[in-house]
Amino acid sequence: MSGGPARARASESGTAIPRAAQERPARRWPVEAWALRGLMAAALVVLTLIILLPLVSLLAQSVLDGQGRFVGGAHFAAYFSTGRWSALWHSVALSAVSALVCVVLAYGYAWALTHTALPARALWRALALLPLLAPSLLAAIGLVYAFGNQGLLKGVLHAVGVDGIYGPAGIVMGSVLWTFPHAMLILVTTLSASDARTLEAARCLGAGGWRVFRTVTLPASRYGLLISLVVVFVLVLTDFGVPKVVGGQTPMLATDIYKEVVGQQRLDLGAVVALLLLLPALGAFALEQRLRARQRAVLSLRAVPHVPTPHAPRDLAALLYCAVVAAALVGVFGIAVYASFAQYWPYQLAPTLSHYQFDMSDGGGWASYWNSLRMALWTAAAGAVMSFAVAWLVDKPRGHRAARGLLNAMATLPMAVPGLALGLGYILFFNAPWNPLWGWYGGLGILVLCTVAHYYSVAHLTQLGALRQLDPEYERVAESLGLPFWTHLARVHLPIAIPTLVQVAGYFFVSALTTVSAVVFLYSPDTALAAVAVLAMDDAGDTAPAAAMATLLFATAAIGRGVIGLAGHLLVQRTQRWRAR
């Protein structure tokens, strides 16, 4: 009988047991509370080491001299006294132009995917996402083969009044190519949330297609447009690969950091340039967060999904537009891939594998490729586990409000930090003589840590979003049963989060393979990476081997993403059968 002797005695004495006392959760064992505090403390220590302290070291380097004395703005004055304002101006202006062009093109593509009866919609979407699997260097190399001095289409640029691919035009074209899928994904999500009731009401009032688009569709997607503009602006501002390959003599902040740190060994001026990159990125990040909050408020309404009906002229125009854009994307990347097999571009185009003999070129040879593969695998595993653990600590435990808020703030900070700035911060922190971790510098471990930190925010927000979909009743039931948090974590939270864990692992794997900016300062001769090898080979004039290594990275990212996706599918089939019931 429920209640036991205590309830019987209470009933006999005429004293009712309060409902609050009946529903009070079982008392936790002290070991559980201490274990939770220990996990919180460990997560704070790890995020402090891999995110906060490198940024603090970067800030300190910009205002201290070689002897550790405070010099204020002396380094900033020294940097700008050499006429470096043009680098700041070019970085901001070209990033803004690239963002505008990219978002306009991506908006048309996203609108065609979501608001027309476009045939083979999945194919056009997949083609637009191909640049996500390649380093930005491959887009720049493709532009060189297409429009460079020996390019197949070099006459096209001259016909439209552009002198050549090297300079502002090349930076804008390369930046648009590799950032296109980022903008397209944001805009597809925004346009997919269009309310069919509003569109139908406008048509019933006699509005034509153009007026419906101008008065309903475009205003409803304004926040998505602004968010995509901000995201692409930051991506271009902080990119290193495109301006390094096709920037020519155009000064940019990203290439200035490389010149100061690698070329001149001036860490103080490098820290100044890194902070100049960091400030606009922080401002853009704050604006993007504000816009996302407003967009969530708009999209929280009960909207009816829009299902486009066939309309031949509109659908044909959408098909032609997507075909032209996809041909430009696939064409530039395809030229780079084909050139990696051509004997001597553009005169002898017979296929050969000689350019894949990487040990005959600068950059670290085949060892750099295997280093990248190992680094990507370790990054995928460490990043997925760590982001899940921290997201769980932020969302699920009760109490510890201050610690959880601090964890969340530190986890989202890398989203606003350029990879070059973070990498330079790692040099200054991990290479400091007083740091007991100085032995990590130049090893594979520091490359994994920096890459995890660089891409951590997106993974954290993804894991957090998945965990917040779970009903809080799960936690209340577990507490009422007196289950320790590790049992609930292993039996409920972890199995449900497996699909998201697999997605995050794939994201870390591809990002680690293709990143350049975050690790360009951190490798040693024994830990040279393939993406950095592409840069070194291009610098040495070995453009075909550089294209070959970038193509190999592209293929590896695609295969690895597929393998991880298949493993995730098998895990979901094994652990998520309850979803189909």
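Val101 is partly exposed because its relative accessibility is 35% (buried means under 20% relative accessible area, exposed over 50%, and partly exposed in between, with a 1.4 Å probe and protein chains only). This is a predicted model, where local features need pLDDT of at least 70 and side-chain atom pairs count only at pLDDT 80 or more, while totals for chains, interfaces and linings use all residues. Residues are numbered from 1 along each chain as its sequence is written, and side-chain values use heavy atoms, leaving out hydrogens and water.

Let's stay with Val101 for a moment. Val101 sits in helix H5, residues 85-115 (helices are DSSP runs of H or I with at least four residues, numbered from the N terminus).

Next comes the loop between H5 and helix H6 (121-128), where you will find Thr116. Thr116 counts as buried because its relative accessibility is 0%. Its contacts (heavy atoms within 4.5 Å) include Trp111, Pro308, Arg314 and Asp315, not counting residues up to four places away in sequence.

Arg314 and Asp315 also pair with each other in a salt bridge, with their closest N and O atoms 3.2 Å apart (a side-chain nitrogen of Lys or Arg within 4 Å of a carboxyl oxygen of Asp or Glu). Asp315 is buried, as its relative accessible area is 9%.

The structure holds two salt bridges. Another pairing joins the side chains of Lys244 and Asp539, at 2.8 Å from N to O. This pair links distant parts of the chain, with Lys244 in helix H13 (residues 241-246) and Asp539 in helix H24 (residues 530-539), 295 residues apart. Lys244 is partly exposed at 22% relative accessible area, and Asp539 is partly exposed at 43%.

Conventions
Helix = DSSP H or I, 4+ residues; strand = E, 2+ residues; numbered from the N terminus.
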